Amino acid sequence: MSKSPQDLKIAILGAGMGGLTTALALARQGFKHIDVYESASDLGFVGAGIQLAPNMARVLDRLGVWDGVAAEAVDIKETSVRVGSTNTELAHVDLHHITQTYAYPHMVGHRASLANGLYQGCLRHPDQITFHFATTASDITFPSPSSSSSQPSFTATPRDPSLPSSLITTDILIGADGIKSRTREAMLSHLDILSSIGVQDTNQAAYRIMIHKDQLRPEDGDILALLESNKVVRWIGEKRHIIAYPVSNNTIYNLSTTQPDTNFAAATNATYTTKGSKEAMLKVFGDFCPLVQRMLQYVGEGEVCEWKLRCHDRLPTWVDGSVALVGDACHPTLPHLAQGAAQAIEDGAVLAVVLSRLPETSAGAVHRALKAYEMVRKERAYALVDMAAASGRALHLGDGAAKEERDKQFAALRQGRGPVPDKWADADVQKEIYGFDCVKEAEERFGEYFEKASL
Ligand SMILES: Cc1cc2nc3c(=O)[nH]c(=O)nc-3n(C[C@H](O)[C@H](O)[C@H](O)COP(=O)(O)OP(=O)(O)OC[C@H]3O[C@@H](n4cnc5c(N)ncnc54)[C@H](O)[C@@H]3O)c2cc1C
């Protein structure tokens, strides 16, 4: 009897949003042999919020995990863009229409809640998905043309030194191993283009801050009002901004900043995060309004965490043989459009669709299906990476003609006209991002893309 696609052995490197979604989506398509390898000993819950845009919600709902994630999230109904130094409102955008227009709300939540929702979804398929936590993948190897095998392989090394490393051979290898992806590096090296694709230093870094409701002092009623609201607020200034919103059923106020990268500029550590100094953080936003100052004061000494924001050059391909890249491994982005995880999640969902439609299971067919995945995903993901960078440039303008033009656009908005320079809140941008159903596109156009991949 011939093998069905669902019998293929699939190894996923990385259990971030991209890896978890890929595993869950494949299991729901009936794949039986899915192994997920993750260096960390657990899901590594970072204390930070995340925007759950309608395009992400649509995918999560199809995977049966949206209701759980949404139950802990906050439904955003409005957004306000303000001058950081004065708290003067530049623009107010009503978002009540989002659910009606896109069938899903724009929510914001806790990263742990999203990761855990996906993980719990995976745990419902114990016969199909096996997790290997505290296990690092290395030495990713592509089959050589002279080899009789067409399978990629890698070494899986458990963190526990008493356990042996093993050589894993697999039919399909998915590199969902994040911005510093070893799979990406191995692929570019195998394609002999590693030296021509560089890391882009964005010169930006971010602080992530969470204020818990029970921390709030009675005199900070204005912060409490924000925490209990359904609003995203962005305070902008030259080269810096802060975006803030409530998460976890309005019990935590989440702030994410962007500022020039000075702490990492000289040397980058392994995780792209560093313990920051509260004093330095307060100084960066020293000319922001008293409300912002009071919020930043809530961060405990020693609890300041700073993330380096990095991107890399566009990759000419996300696929080599039976190996494909997912998420930040192939399209890392600045966070200004809040679409990094959403795009990783779209990747995983599309991968499962194309692999489930394989007409046969040869390595050649697998490669063509993976190329179909790339055709659905690559242009869209890179368009959003560019848009996030452009939005950051507009938000961070210093005095001059460009800023005057931007502020004219904000002023026109108050009269209900024109585009929103903060692209995240722009109706046309939302239509492009939220209105696109990646799963439908993959389902409807798989045949066409699969054919094209053989050319
Ligand atoms: C400040 C900031 C704010 C953001 N806000 C938003 C937002 O609001 N909305 C949104 O959609 N996105 C947001 N993002 C982007 C989002 O967090 C990322 O795009 C997303 O998490 C990428 O998911 P991933 O699965 O590709 O990679 P990751 O989440 O990085 O996961 C990769 C995993 O692979 C593991 N790994 C790495 N190497 C190996 C190896 N060799 N072997 C085994 N395991 C390995 C890692 O431990 C990790 O768990 C934000 C990002 C930043 C920096």
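Student: What makes strand S3 and strand S7 a pair?
Tutor: Two strands pair if DSSP finds at least two bridges between them. Here 4 bridges join S3 (residues 49-52) to S7 (residues 107-110), so they count as paired, and they run antiparallel. Glutamine 51, for instance, has valine 108 in S7 as its bridge partner. Keep in mind that this is a predicted model.

Student: What does leucine 52 touch?
Tutor: Leaving out residues up to four places away in sequence, Leu52 touches Ala57, Val69, Ala73, Met107, Val108, Gly109 and Leu114. Leu52 is also among the residues that touch the most other members of the largest nonpolar core, along with Ala23, Ile174, Ala324, Leu351 and Val354. That core has 137 residues, and helix H11 (residues 363-395) gives the most to it, with 13.

Student: Why are strands S8 and S19 said to stand at the edges of their sheet?
Tutor: The sheet is open, with 6 strands in the order S8-S2-S1-S12-S20-S19 and mixed pairing. S8 (129-132) and S19 each have a single partner strand, so one side of each is left without a neighbour in the sheet.

Student: In which sense do S1 and S2 pair, parallel or antiparallel?
Tutor: Parallel, over 5 bridges. As an example, alanine 11 has aspartate 35 in S2 as its bridge partner.

Student: Which strands does helix H6 lie across?
Tutor: H6 lies across S1, S12, S19 and S20, and runs at about 125 degrees to S20. The buried residues of H6 (residues 182-190) are Arg182, Thr183, Arg184, Ala186, Met187 and Leu188. Their cover includes S1 (9-13), S9 (135-141), S12 (172-175), S19 (319-320) and S20 (323-325). Just after H6, aspartate 192 takes a positive phi of about 65 degrees.

Student: Why is isoleucine 168 called buried?
Tutor: The cut-off is 20 or more other C-beta atoms within 10 Å. Isoleucine 168 has 20 C-beta neighbours inside 10 Å, so it counts as buried. This residue lies in strand S11 (residues 166-169). Not counting residues up to four places away in sequence, isoleucine 168 touches Ala11, Ser153, Phe154 and Ala156. Over the whole protein chain, 48% of the 455 residues count as buried.

Student: What surrounds the ligand?
Tutor: There are 34 residues around the ligand, and the closest are Gly14, Gly16, Gly178, Gly327 and Gly340. Helix H10 (340-356) supplies the largest share of that shell, 4 residues. Others that supply at least two residues include helix H1 (17-28), S3 and strand S18 (305-312).

Student: Last one: how do you know that the chain agrees with a compact globule?
Tutor: For 455 residues, a compact globule would have a radius of gyration near 23 Å, and the protein chain has 22 Å, so the two agree. The C-alpha atoms fill a box of roughly 70 × 50 × 40 Å along the principal axes. Of the contacts between residues at least 6 apart in sequence, 75% join residues at least 24 apart.

How values were computed: Residues numbered from 1 in each chain as written. Predicted model: local features only at pLDDT ≥ 70, side-chain atom pairs only at ≥ 80, totals over all residues. Rg over C-alpha atoms; globule rule 2.2 N^0.38 Å. Buried ≥ 20, exposed ≤ 12 C-beta atoms within 10 Å, placed from the backbone. Contact = placed C-beta atoms within 7 Å. Core = buried A, V, L, I, M, F, W, Y, C linked by C-beta atoms within 7 Å. Axes fitted to C-alpha atoms, helices over the stretch in contact; angles between N-to-C directions. Near = placed C-beta within 6 Å.
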